[in-house]
Amino acid sequence: MKDRDMRKEIAVIGGGAAGMMAAIQAAYAGAAVTIYERNDRVGKKILSTGNGKCNFSNEIMNADCYYGGGALFVDRIYESFGVDETKAFFDSLGMRIKDKNGYLYPASEQAATVLDVLRYEVQRLGIRCRMGCLVSAVRSEKSGNRFVVETDAKEHGKHAYDAVILACGGRAAPRTGSDGSGYALAKQFGHGIIPAVPALTALRCEESFLKQVAGVRCDARLTLYIDAEKVSEVQGELQLTDYGISGIPVFQFSRLAAYALREKRHTTVTIDFMPDAAAENGNFWNQRWHRQREQGMEQFVTGIVNKKVGLLLLKLAGIREAERACEIDAVRREKLKRLFRSLEVTVRETNSFDQAQVCAGGIDFREVTKDLQSVRAPGLFFAGEILDIDGICGGYNLQWAWSSGSVAGRAAAGITLREK
Ligand SMILES: Cc1cc2nc3c(=O)[nH]c(=O)nc-3n(C[C@H](O)[C@H](O)[C@H](O)COP(=O)(O)OP(=O)(O)OC[C@H]3O[C@@H](n4cnc5c(N)ncnc54)[C@H](O)[C@@H]3O)c2cc1C
């Protein structure tokens, strides 16, 4: 072991997933590391991931699972530290892994396990943790090329470091500590920030009729249109709420909607409630109108999809529940059929950062090297969600935290990515 004073001194700002990984990897590479965390404990957000089970990665991993400027960096970064390295890393810390159709969890199904093993490793490596310590400024030292870290905590004062890694997260779930203050630190060095918007979040819609189906969960295919142009299509479990639409398929394209709404573009979603149905061929409806012609319309729609949805669509088609099927004219029949396959809702806004799982936008990748180092201030690095990258649901955001943390941590300690 080298003498502490001879080692490279690195400050990691933010003790989340990316910050802890960066600190551990920098320490493995021989650096003396200090984590600054504003909360009274590290890794608060990890505890709420994956509904408390922490979906920490995914066997299917490629650049198509990411948005933002960082999507172009993913392949390169993951070549250095990808899913296999992440699994080996957690295995080396004693964590068994559970694979659910490619989605990776700790076998304990407790997010706390992921945090615990990271905390034990941080402790074992002698990484200093300055808790309850909001970093208010990072400055280049006038003499020499070190960085001074300033905090709001008097007892910690100012300290100088050879390198600093900003791993402050974005603006999502600010109750866990990530409120965008990292952007201000990067701006002190002249870094540009791609505007941050909530992602992996629900969409609030104009239609008050959604109240009638609040609480329904059903399989659906959703298509997002921006200014009437189709931009995304996702199938999965839709959750209808009194204010709009939620669930994983909505989360997957919410960041596209968020940027469109920011630009005041017209944003709509059509819902196909029968994505896999034989309804594709007209026979389904022809047979039903014929076979069930004597039935009242409430009974007629029962059994097609969720009943609350069926009754809402009847109403929207201008059909009363008490009417008999044989009394419904061709125009209303066609309208009902169309509504089952494409109910349109208009998106007014996304849910706020408070309810968002991640944040799209962040540090502009055009000012970052392949080792996630600032081109404006060599010695300053970035890791995690603070950068302009966001993944889809399924373990992709934590994988980015592990991979970017690893690359930034090692590079800050002097181990750079190999040239190709
Ligand atoms: C409810 C929820 C569920 C999720 N589920 C999953 C999932 O199952 N799988 C998945 O892959 N992703 C999931 N995510 C996303 C994932 O948790 C994040 O992308 C990831 O944790 C980001 O890690 P990070 O270290 O970059 O940022 P963060 O985890 O946000 O950590 C940043 C840290 O920096 C600290 N900090 C900020 N500013 C300062 C400052 N100025 N001084 C000192 N400290 C500071 C903060 O307090 C915080 O601890 C989920 C997110 C949420 C909110």
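Q: What makes four residues of domain 1 count as being in contact with four residues of domain 2?
A: Two residues are in contact if their C-beta atoms, placed from the backbone, lie within 7 Å; four residues of domain 1 and four of domain 2 are in contact by this rule. By class, the domain 1 side has three nonpolar, no polar and one charged residues, where Ala, Val, Leu, Ile, Met, Phe, Trp, Tyr, Cys and Pro count as nonpolar, Asp, Glu, Lys and Arg as charged, and the others, Gly among them, as polar. This is a predicted model, in which local features need pLDDT of at least 70, side-chain atom pairs count only at pLDDT 80 or more, and totals for chains, interfaces and linings use all residues. Residues are numbered from 1 along each chain as its sequence is written.

Q: How are domain 1 and domain 2 bounded?
A: The domain assignment gives domain 1 as 4-193 + 362-412 and domain 2 as 202-350; such bounds come from an automatic or database assignment.

Q: Why are strand 1 and strand 11 said to pair?
A: Pairing requires that DSSP finds at least two bridges between two strands (E runs of at least two residues, numbered from the N terminus). Four bridges join strand 1 (residues 9-13) to strand 11 in parallel, so the two strands pair. Val12 stands opposite Ile165 of strand 11.

Q: What makes both faces of strand 11 covered?
A: A residue is buried if 20 or more other C-beta atoms, placed from the backbone, lie within 10 Å of its own. Ala163 and Ile165 on one side, and Val164 and Leu166 on the other, are all buried.

Technical notes. Buried ≥ 20, exposed ≤ 12 C-beta atoms within 10 Å, placed from the backbone.
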